[in-house]
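Here is a short briefing on one protein model. Please keep the sequence and the structure in view as you read.

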Amino acid sequence: MKILAFESTCDETAVAVVEDGRKILTDQIFSQADLHAVYGGVVPEIASRCHVESISILAQKAIDAAGITRKDIDAVAVSYAPGLIGAVLVGVNFAKSCALALNVPLIPVHHIRGHIAANYLAYPELEPPFLCLAISGGNTILVDVRDYTDMKILGATRDDAAGECFDKTARVLGLPYPGGKPIDELSKTGDDTKYVFPISHVDGNEYDMSFSGLKTAVINLAHNCEQKGETLDRASLAASFTKAVSDSLVPRTVKAAKELGYKKVVVAGGVAANSRIRADFKAAAEKNGFELYIPPLKLCGDNGAMVGAQGYYEYLAGHTAGSDLNAYATMEL
């Protein structure tokens with residue numbers, strides 16, 4: 001089954017063709033990062049406009065790159081929630097038009113489910129059930145993946161997502177947007193013990209997280225150094241900050257896996273590209289005897305292939321939509 005898949009929830013326009021949920025025939029991505037960098041973050045109106053300008057061209061490019069024709073497409077999948085509402089609407093409306101024109105099923109895909117499914121593309125042997133930590137710019141969620149379409153949230157951030165915290169910290173350090181990669185590179189030359197940052201503990205659910213306090217601590221530290229005329233060790237701040245994020249994520253994930261009796265631990269989302277977090281999860285997996293699955297860097301960020309992968313399993317579960325499908329800024333997993 002060949003699925004034409006669309007992703008437009010934020011600042012990447014992505015179109016992919018995925019076969020049987022496991023094989024990428026092509027994955028075309030147009031990133032708007034350079035357009036938003038001057039503003040230090042994503043401007044929703046600019047993102048929506050860029051999706052409109054690029055999605056049609058990218059769709060034809062994907063079909064050509066996959067070596068297929070439009071008649072070979074068996075279904076159309078699209079991320080319909082959550083995300084920047086204007087951006088999501090572009091992808092949803094274009095996907096609806098494609099499904100109607102091609103007379104094939106339309107498959108709505110939750111964006112975070114797509115991130116989880118990126119691991120199916122990287123690891124053909126991976127099957128549920130397993131525990132997954134999904135960490136990105138807009139979400140930080142600990143998920144019990146019971147089956148391909150049966151998932152339960154165990155814990156989530158109560159405020160800022162981990163990825164957002166990376167971007168805000170990068171701004172404090174004078175690093176470009178998006179901040180994940182620049183912080184990763186800078187932190188490699190720093191001392192992660194020089195600055196001590198808070199690790200949140202949330203009353204009511206041991207698996208819930210909070211990153212707003214960490215973000216505030218970084219800002220206060222930088223301002224305090226500036227006011228005192230002290231030199232801020234930017235590399236060590238980046239390293240200490242990254243350690244604090246990792247120390248919030250890894251122990252919670254390990255504890256949840258042990259309590260649920262899972263031996264398979266999956267990490268997904270843009271923040272999963274961070275080298276320190278990847279290394280800490282690898283060390284924890286070796287120590288505790290877990291099988292660890294983290295997608296390659298190209299599948300960590302937003303992409304169309306992950307939507308096509310999850311779309312396949314949504315289709316098998318009978319989750320299709322009609323031309324009345326809407327886009328949503330927020331939606332439970």
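Which residue just after α3 takes a positive phi? Asn-103 does, at about 60°. This is a predicted model, where local features need pLDDT of at least 70, side-chain atom pairs count only at pLDDT 80 or more, and totals for chains, interfaces and linings use all residues. Residues are numbered from 1 along each chain as its sequence is written, and side-chain values use heavy atoms, with hydrogens and water left out.

**Helix α3**
- Helices (H or I, at least four residues) and strands (E, at least two) are DSSP runs, numbered from the N terminus.
- Helix α3 covers residues 85-102, and its end C-alpha atoms are 26 Å apart.
- Buried residues (under 20% relative accessible area, 1.4 Å probe, protein chains only) in α3 include Val-88, Gly-91, Lys-96 and Cys-98.
- The buried residues of α3 pack against β1 (2-7), α2 (44-66), β4 (75-81) and β5 (106-110).

**Asn-119**
- Asn-119 sits in helix α4, residues 111-122.
- Asn-119 is buried, at a relative accessible area of 0%.
- Beyond its neighbours within four places in sequence, Asn-119 has contacts (heavy atoms within 4.5 Å) with Leu-126, Val-266, Val-267, Ala-268, Tyr-293, Ile-294 and Pro-295.

**Nonpolar cores**
- A nonpolar core is a set of buried Ala, Val, Leu, Ile, Met, Phe, Trp, Tyr and Cys residues joined through side-chain atoms within 4.5 Å.
- The largest core has 44 residues; Phe-197, Phe-211, Leu-214, Phe-241, Val-245, Leu-249 and Ile-277 touch the most other members.
- α8 gives this core its largest share, 11 residues.
- Another core, of 35 residues, lies apart from it, with Cys-132, Val-143, Met-306 and Tyr-313 among its members.
- Leu-249 touches Leu-133, Ile-135, Thr-140, Met-209, Phe-211, Ile-277 and Phe-281, leaving out residues up to four places away in sequence.

**Largest cavity**
- A cavity is a set of points on a 1 Å grid over the protein atoms alone where a 1.4 Å probe fits but cannot get out; lining residues have an atom within 4 Å of a point.
- The count is one cavity of 30 Å³ or more.
- The largest cavity holds about 40 Å³, the space filled by probe spheres set on points joined across faces, edges and corners.
- Its lining includes Thr-253, Val-265, Phe-281 and Leu-292.
- α8 (234-260) and α9 (275-288) each supply at least two lining residues. α9 gives the most, with three.

Methods. Buried < 20%, exposed > 50% of the residue type's maximum accessible area, 1.4 Å probe, protein only. 1 Å grid on protein atoms, 1.4 Å probe; cavity = no way out; pocket = protein on both sides within 12 Å on 5 of 7 lines; lining within 4 Å. Expected span 1.5 Å × (residues − 1).
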